[in-house]
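Biologist: I have the structure open. Could we go through a few residues together?

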Amino acid sequence: MPKTVNKSSSSHTLSTLKQRHIIMIALGGAIGAGLFVGSSAAIAAAGPAVLAVFVAVGLLVMLVMRMLGEMVTARPGRGSFVAYIREAHGNGAGFTAGWLYWFFWLVVLGSEAIAGAIVLHDMVNLPVWLLATCLIVILMLINLAAVRIFGECEFWLSIVKVASIVLFVMVGALYIGHLFGPPVPIMHNVLGHGGFMPHGIIAVLSIVPTVLFTMIGSEIATVAAGETAEPAQNIAHVTRSLGTRLTLFYSLSIGIILMIVPWTDIVPGHSPFVMAMQVMQIPGAALLMRIVVLTAIISCMNSSLYITSRVLAELARHGDAPAGLQHHGRHKTPVNAIVVNSLAGGIVAFASIVAADTVFAFLLSCSGGVILVVYSLIMTAYIAIRNQASEQERKAFFHLPLFPFINIACLGFVVLIFVAMLSDPVQRTTAIASLGTCLLFMIIYWTRCITHRSARHS
């Protein structure tokens with residue numbers, strides 16, 4: 001007798017992520033080309049003190065993830081973290097946070113598409129615009145197919161990145177321990193070129209947005225966990241350990257680079273990992289890193305398309321975006337939102353080709369600091385929701401130590417970063433443009449409210 005296939009069961013399987021997917025989606029979202037290449041600019045700007053910045057930003061990410069994890073486990077099924085901001089501060093804050101986060105990741109999607117196309121251009125002699133378009137189309141099809149297929153792709157792409165960092169740290173530790181190669185002048189490399197903080201505290205604070213840009217993305221787990229069989233359990237597991245792992249990956253790899261390569265030799269835009277591997281005389285270092293960087297870029301694009309489509313669909317459910325964007329296909333993927341974001345990401349990518357110094361530079365400036373505002377809203381949402389919680393909820397779900405002083409300290413750190421950015425001529429434009437972007441979305445929300453109120457009264 002022929003076997004029958006349970007179509008609903010098959011569809012459920014395709015639309016469900018496993019815990020291993022969630023862990024790697026979170027790690028993959030946070031480990032991108034910014035670490036492998038972008039960290040060179042931070043090292044050149046701040047010197048060895050960049051290590052302290054990575055540790056401090058890692059701690060900030062750990063605390064934000066802890067706050068998100070406690071809110072999700074206490075009140076599961078709300079949606080992305082934007083839902084908790086909306087619950088704590090109202091629709092205006094939810095509207096602003098959602099669109100800011102969407103805008104940030106849209107710019108990432110477009111810029112990473114061009115970065116990936118440039119890497120591919122060295123291997124395949126095709127126009128950059130065509131390669132960027134192909135990358136976006138391929139990832140759009142993956143995201144449209146099924147949530148589980150997206151999860152599998154992101155799992156294996158993230159495995160490559162994590163394995164690369166682990167191997168780099170292991171080989172670097174053996175080299176520093178003089179188990180192969182010549183002795184390493186560690187103290188001279190780290191402190192022999194102007195000391196630990198050669199350019200002063202303002203330079204150190206001003207690179208925090210750059211470092212944060214390389215480390216954010218873990219919060220994607222709170223969205224992805226909603227597409228698992230046991231969201232509260234999965235997000236609780238991920239948030240307990242993810243921040244620690246992420247901080248270790250970043251701080252250990254950057255620390256080893258600083259011990260092997262004098263920071264004055266590191267050139268912005270060139271991978272410090274390649275420089276360290278060349279010092280260690282690892283054959284094929286440049287090719288290996290090109291493959292890893294391409295993997296990181298594709299993974300980051302994949303995560304960007306995923307998160308922008310989910311946030312856009314959630315905004316549509318609350319009436320903050322066109323209603324059609326919340327439409328889901330038979331495999332429970334937000335089809336219209338994925339297609340719209342793919343097109344918008346393509347527009348950003350083409351802007352970097354035809355107007356790199358005007359339109360694209362403006363978009364980068366506008367998005368550069370908005371994530372700090374979003375993280376601030378998460379911190380204040382945690383304070384509000386924890387204060388609103390019943391005594392039983394507090395005992396069962398809310399365990400962040402030193403509450404609310406730790407939240408206030410984190411908010412103070414964000415304010416200090418913006419002050420440092422405004423004090424730095426290089427970062428000032430980004431700070432002003434980012435704050436202006438936040439104000440723009442707030443004005444749009446207020447304008448919508450006034451328009452709807454007038455329409456009801458007419």
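Predicted model: local features only at pLDDT ≥ 70, side-chain atom pairs only at ≥ 80, totals over all residues.

Biologist: Where does Leu191 lie?

Modeller: Leu191 is part of helix H9.

Biologist: Which residues make the nonpolar surface patch?

Modeller: Leu191 contributes to that patch, together with Met187, Phe196, Met197, Ile201 and Ile202. The patch covers about 550 Å².

Biologist: And which helices each supply at least two residues of the nonpolar patch?

Modeller: Those are helix H9, spanning 186–191, and helix H10, spanning 200–206.

Biologist: Changing topic: is Phe95 buried or exposed?

Modeller: Phe95 counts as buried, because its relative accessibility is 2% and the cut-off for buried is under 20%. Phe95 belongs to helix H6, which runs over residues 91–121.

Biologist: What does Phe95 touch, not counting residues up to four places away in sequence?

Modeller: With those neighbours set aside, Phe95 is in contact with Arg86, Leu315, Asp320, Phe441, Ile444, Tyr445 and Arg448.

Biologist: How many residues apart in sequence are Phe95 and Gly369?

Modeller: They are separated by 274 residues in sequence, while their C-alpha atoms are 18 Å apart in space.

Biologist: One more, please. Where does Ser299 lie, and what does Ser299 touch?

Modeller: Ser299 is in helix H15, residues 285–317. Leaving out residues up to four places away in sequence, Ser299 touches Gly28, Glu154, Leu157, Ser158 and Lys161. Ser299 has 0% relative accessibility and therefore counts as buried.

How values were computed: Residues numbered from 1 in each chain as written. Heavy atoms only, no water. Helix = DSSP H or I, 4+ residues; strand = E, 2+ residues; numbered from the N terminus. Buried < 20%, exposed > 50% of the residue type's maximum accessible area, 1.4 Å probe, protein only. Contact = heavy atoms within 4.5 Å. Patch = residues over 30% accessible without salt bridge, like charges linked within 9 Å, V, L, I, M, F, W, Y side chains within 5 Å. Areas by Shrake-Rupley, 256 points an atom, 1.4 Å probe, with all protein chains shown as cover. Salt bridge = Lys/Arg side-chain N within 4 Å of Asp/Glu carboxyl O.
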